[in-house]
Structure formats: structure tokens, C-alpha cells
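Have the structure open while you read.

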Amino acid sequence: MNYNNWFHITCNPEWILNKVYVYISIAATDGSLQVSPSIYPLSPLPRDPPKNLEPFTEFIFISSQASDVEIEFCRTDQLKPKPAVKDLVFGVTFTDHMLEVEWTEADGWGKPKISPFHYFSIHPGAKVLHYATELFEGMKAYRTCNGQICMFRPDMNMKRMIRTAKRASLPTFDQDELIVLMKKLISIDQEWVPHAESSSLYIRPAIIAHEEVLKVEQPRKALLFVILSPTGPYFTSGYNPVSLLADPKYVRAWPGGCGQRLEPFTRQPSLCRSEA
């Protein structure tokens, strides 16, 4: 196999401080992969990419497992109505599909599956319900002025998610594979990405330990899942200044703790002061 293509990084150039386009030349011959990036300053900045380039959010080598995802699309009667952008609030509306990957200590990660959004059926003795053996991440995808969809620094979120998994005794994963899977999920539900500068598509990856055992020990079963939510401003006041209370009596981060990771312990302790 021998091919050579050009891809355009679809970050809005107006959002890049050094204001550049990056073109990547990909050449594969006899199983080898060569990547040759080139950076071109643009002045003035065009709002549309060159017509002879194929838009692509970023270069990631797709592994066999990520590309082997099983997809079950929604039936027509399962598709949900999309709210108006002005009615979007944080974390209330969810898209039509979700991603799931099962993990067991014996077999490792199973086959990824994208399916219609659905509820979980979970055993009352699942570890996540008793010991909060779980983690989550929060990231976003945006629609640019030229209609492209861009994820914001997903590699950094994945690095933090892996650090959190190690600290929470949950299974780690290949971060590039998960990014590819999330891109696939977003591409399926791309019509849910708001066509507005004030809104975005919130991406929530999470891992829960759902083994049906009450014993306090490292989990032998876990589920990684990703859900998507079109969202407006986080605060009900919109994009306006907010008042914050710093109360030294109630803390959610401490030396040796989990404040730099996204675990339940980093959010729940602050709820008692959220209405002060």
C-alpha cells in the first residue's frame, strides 16, 4: 500500500495565538508510517480552508481495536428533538447515541460499542454505589465559523484521565484509541453540535466499577462509557461575572489527596457550601 494525502487541521486559526495552519503529509509504505508536518503563517487569516484539502480535526493513528467499533444506530422513532440554542443549559440535554467499552481483569478491554442512548441496569451491590469507585472527565467540541467541528486539547484530558484511573485503581487504556472512538461518536451525533459561538458539545467520558461484590478491593470489572450533551453557559447567569465563596472550613483538596483528578471526592465535598 502506498498513498500520500494532505489533511487540514480544522482548529479555527483565529483561536490559535501564533495564527498558523498546519498541514500534515502522511505517507505509508509497507506498513511504515511517516508524518511530515508543515506550518504556514497566514495573513490575513482566511475563514475557509483551501478547497483541495480534506478537513480533519487532528492526526491520530487509528489502531485496530478502535476501528473495530460496533455501531447500532437509532431508529427513526428513537431520535430526540433538538432544543433551541437559547434553551440550552449545562448537562440537561443528551444526544442520541453513547459509547461503551467493558473491561474485565481476566480479558482486558472488550469490543467498543456505540448504541442508542439508554439507561444502565446495575446490581445494588456494585462497587461504584458503595465506594465511589469511578472517575470522569469533562471536555468540549466546538463548531467553528466555517462549519468544522473541533475538540479542544483531548490529549490533555486523556492524560489526566489515565492519572486518575491509576489513583482510583481503575483500568487504564490507550488514550489515542479513546480519542478516535469519541470522534466517531461525535461524527454520528454531529448535528447536536450547536451552530453558535455561545454553546458547545460537552463530552463526558467516565469509568465505573460495577462488579457485584461488597468487599473493599480492587475492581475486577469496569465499564468505560462516553455521553454527549449540547450545552450553553455553565452558570444560569450566562457569561457574566459570578461571586465565589472561599471557606477554609470545607476543603475538597489536600496534600496527598485527589484534588488534581476528576473523582467524586473532588466535587461532592463542595456541595454543602454551594448555596451559601
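Which residue forms a salt bridge with Lys 86, and how far apart are the closest N and O atoms?

1. The partner is Asp 87, and the closest N and O atoms are 3.2 Å apart. Bear in mind that this is a predicted model. Lys 86 sits out in the open, exposed at a relative accessible area of 72%.

2. Searching the whole structure turns up 10 salt bridges. One of them joins Arg 220 to Glu 211, with 4.0 Å between the closest N and O atoms. Arg 220 is partly exposed, at 37% relative accessible area, whereas Glu 211 is buried, at 8%.

3. Another bridge to look at is the one between the side chains of Glu 217 and Lys 215, at 3.9 Å from N to O. Glu 217 comes out as partly exposed, with 26% relative accessibility, while Lys 215 is exposed, with 55%.

4. Now have a look at His 210. You'll find His 210 in the loop between strand E12 (200-208) and strand E13 (221-231). Is His 210 buried or exposed? His 210 counts as buried because its relative accessible area is 14%, and the cut-off for buried is under 20%. The His 210 side chain makes a polar contact with the side chain of Glu 102, at 3.1 Å. Leaving aside residues up to four places away in sequence, His 210 touches Glu 102, Ile 122, Ala 126, Lys 221, Ala 222 and Leu 223.

5. On to the rings, where the count comes to 3 aromatic pairs. One of these is Phe 90 with Tyr 202, an edge-to-face arrangement with 4.9 Å centre to centre and 70° between the planes. This pair links distant parts of the chain: Phe 90 is in the loop between strand E5 (70-71) and strand E6 (97-104), Tyr 202 is in strand E12, and the two are 112 residues apart. Phe 90 is partly exposed, with a relative accessible area of 27%, but Tyr 202 is buried, at 13% relative accessibility.

6. Phe 94 and Phe 117 also form an aromatic pair, this one stacked, with 5.4 Å centre to centre and 25° between the planes. Phe 94 belongs to the loop between E5 and E6, and Phe 117 to the loop between strand E8 (113-116) and helix H2 (127-131), so the pair ties together parts 23 residues apart in sequence. Phe 94 is partly exposed, at 27% relative accessible area, and Phe 117 is partly exposed too, at 30%.

7. Last, the surface. Tyr 234, Phe 235, Val 242 and Leu 244 make a nonpolar surface patch of about 470 Å². Take Val 242 from that group: Val 242 lies in the segment after E13 and is partly exposed, with a relative accessible area of 36%.

How values were computed
Residues are numbered from 1 along each chain as its sequence is written. This is a predicted model: local features need pLDDT of at least 70, side-chain atom pairs count only at pLDDT 80 or more; totals for chains, interfaces and linings use all residues. Side-chain values use heavy atoms; hydrogens and water are left out. Helices (H or I, at least four residues) and strands (E, at least two) are DSSP runs, numbered from the N terminus. Buried means under 20% relative accessible area, exposed over 50%, partly exposed in between (1.4 Å probe, protein chains only). A polar contact is a pair of N or O atoms within 3.5 Å; within protein, one must be able to donate a hydrogen and the other to accept it, and residues adjacent in sequence count only if both atoms are side-chain atoms. Contact means heavy atoms within 4.5 Å. Patches are made of residues with over 30% relative accessible area and no salt bridge: like charges are joined within 9 Å, nonpolar side chains (Val, Leu, Ile, Met, Phe, Trp, Tyr) within 5 Å. Accessible areas come from the Shrake-Rupley method with a 1.4 Å probe; for residues, only the protein chains shown count as cover. Rings of Phe, Tyr and Trp (its six-membered ring) pair if their centres lie within 6.5 Å; planes under 30 degrees apart count as stacked, over 60 as edge-to-face and the rest as tilted.
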